[in-house]
Amino acid sequence: MPKAPVAAPSPGRCSASRCRRTPVLLVALLTLALPGIASAKGPTVAAELSRLQADGSLDAATSESYKNAYDDARKTLKQLHGFRHAQLRAVIGNVDALAARRQFIPSRLKPEFLTLQRNRAWWAAAPIPYAGERKTFPPSQVVWQFYPGQGWQIQWLGTFGKANALWMVRTRDADLKRLLDEVLGLATQRAGGIAFEYLFTFDGGRPPWVSGLAQGTGLSALARGAVRLKDTKYFDAARTALGIFRTPPPAGVAVRTAAGTNYLQYSYAPKLTIVNGFTQSLNGLHDFATLANDADGRALFSAGETHLRSVLPGFDTGAWSLYSKPGAESDLGYHRVLRDFLTGLCDRLKDDRTRGHLAQVEAPPSGSTTTVPDPKLYCDTAADFTADLHTKPKLTLTPPTRPLSAKHDAHVAYTLDKVSTVTITATRAGRLVLSRSARLGRGRHAVSLKPAQAGPLTLRIAATDLAGNATTTAATIHVRAAAPAV
């Protein structure tokens with residue numbers, strides 16, 4: 001986690017600043033600074049493929065093709081150096097680790113060895129990509145992303161985002177069908193159903209892991225595809241993809257709470273709540289439950305919505321949003337993402353109240369009523385987050401109650417209500433004697449001073465938030481002569 005109060009990077013999304021072209025040398029240095037891949041202890045890739053073939057889980061031709069792909073990648077690795085070697089080495093290391101942990105299952109091997117083959121071909125000859133670059137490999141429509149130190153990896157959130165975009169176009173139904181069919185062919189059996197696994201090491205989590213954010217977005221795409229393409233197999237697939245929302249980590253993302261269920265963004269981080277990912281997982285569950293008229297989807301949505309309702313106020317600082325708990329404030333991109341996801345939930349619940357979409361499949365027991373959650377909290381919070389984008393930071397400087405002493409260390413306190421870039425200057429008789437700048441989070445801070453001489457000192461603090469709104473405050477601080485040495 002970076003020390004600056006910005007969101008941790010997510011495999012689901014990157015901000016414009018995070019995804020801009022990173023200089024090749026910088027990316028190389030960052031990659032080489034990563035810890036080396038330890039030798040996996042346990043069964044080898046070849047041994048695990050042979051085991052699966054022997055027990056009938058894998059046919060001989062498929063097993064041989066995977067062995068050849070692995071051997072070819074190892075041969076290519078020997079021909080590479082530096083940055084390219086580090087990327088392919090990491091991908092091979094992930095395959096080795098899965099085999100050593102006996103996590104080879106037939107459905108996982110297809111995306112795993114596809115990843116290996118993509119990276120072998122790329123690092124042998126293709127240009128070095130920029131950090132966060134996304135691309136497809138036609139005729140495939142699956143979206144891949146480059147993660148420095150982990151090579152090219154399937155970007156499931158990007159892939160399902162593309163599917164939802166194709167659904168919105170209305171003239172790309174053939175492409176939508178091809179993409180949905182392709183992703184179902186890469187799904188892994190997990191948590192009693194199917195899941196779309198990330199197969200690389202990320203932010204302390206080792207593969208294979210799943211994301212409620214990505215899987216929830218996938219539910220939307222599959223449910224919408226079922227309606228648009230008039231094919232219930234996509235409803236059936238989405239129904240089996242509910243498994244991770246029923247299952248606790250690490251297999252699933254469901255963490256039971258007193259209020260309901262928290263759906264994790266990362267299955268390997270059960271104590272981390274990332275509110276934008278949680279909200280989007282509910283949007284996906286809602287879309288499936290509504291379009292498929294599915295009771296299980298409805299129950300999972302309800303359990304998550306009651307928990308979000310209980311915790312969402314804690315993610316609104318009154319001036320900006322929090323990215324996670326534990327964690328700091330959102331960066332600009334994630335603040336907008338959360339606002340948009342909450343707007344989506346607001347709109348869905350408004351529509352439910354109009355159309356009764358979340359009514360039970362069967363009539364409720366006599367004397368009881370079925371209610372749709374009130375959308376007001378989500379609508380109001382989204383509106384507040386929009387207002388935050390246009391509101392200046394509040395900056396309060398607390399001048400010392402007594403004069404400072406020259407040549408002595410001192411601290412001047414100030415408070416800030418939202419993450420901002422803070423610039424501090426001090427002038428004496430119009431001459432600049434101090435200048436500092438840093439990005440700081442909300443809360444109480446202090447300026448460290450050691451005045452060189454007596455006399456009035458003008459201290460000015462300027463704060464510019466992530467959306468560009470700025471405010472300034474200043475105070476004159478009196479500095480007295482240093483006491484004579486005894």
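Tutor: Ala, Val, Leu, Ile, Met, Phe, Trp, Tyr, Cys and Pro count as nonpolar, Asp, Glu, Lys and Arg as charged, and the others, Gly among them, as polar. This is a predicted model, where local features need pLDDT of at least 70, side-chain atom pairs count only at pLDDT 80 or more, and totals for chains, interfaces and linings use all residues. Residues are numbered from 1 along each chain as its sequence is written, and side-chain values use heavy atoms, with hydrogens and water left out.

Student: Which residues line the largest cavity?

Tutor: A cavity is a set of points on a 1 Å grid over the protein atoms alone where a 1.4 Å probe fits but cannot get out; lining residues have an atom within 4 Å of a point. The lining consists of Pro 111, Thr 115, Gln 153, Ile 154, Trp 156, Glu 197, Tyr 198 and Leu 199.

Student: By class, what does the lining of the largest cavity have?

Tutor: Helix H6 (106-125) and strand E3 (151-154) each supply at least two lining residues. By class, the lining has five nonpolar, two polar and one charged residues.

Student: Which residues form a disulfide?

Tutor: A disulfide is a pair of cysteine sulfur atoms within 2.5 Å. One is counted. With sulfur atoms 2.0 Å apart, the pair is Cys 346 and Cys 379.

Student: Is Cys 379 buried or exposed?

Tutor: Buried means under 20% relative accessible area, exposed over 50%, partly exposed in between (1.4 Å probe, protein chains only). Cys 379 has 18% relative accessibility, so Cys 379 counts as buried.

Conventions:
On a 1 Å grid over the protein atoms alone, a cavity is a set of points where a 1.4 Å probe fits but cannot get out, and a pocket is an open set with protein on both sides within 12 Å along at least five of seven lines; lining residues have an atom within 4 Å of a point. Helices (H or I, at least four residues) and strands (E, at least two) are DSSP runs, numbered from the N terminus.
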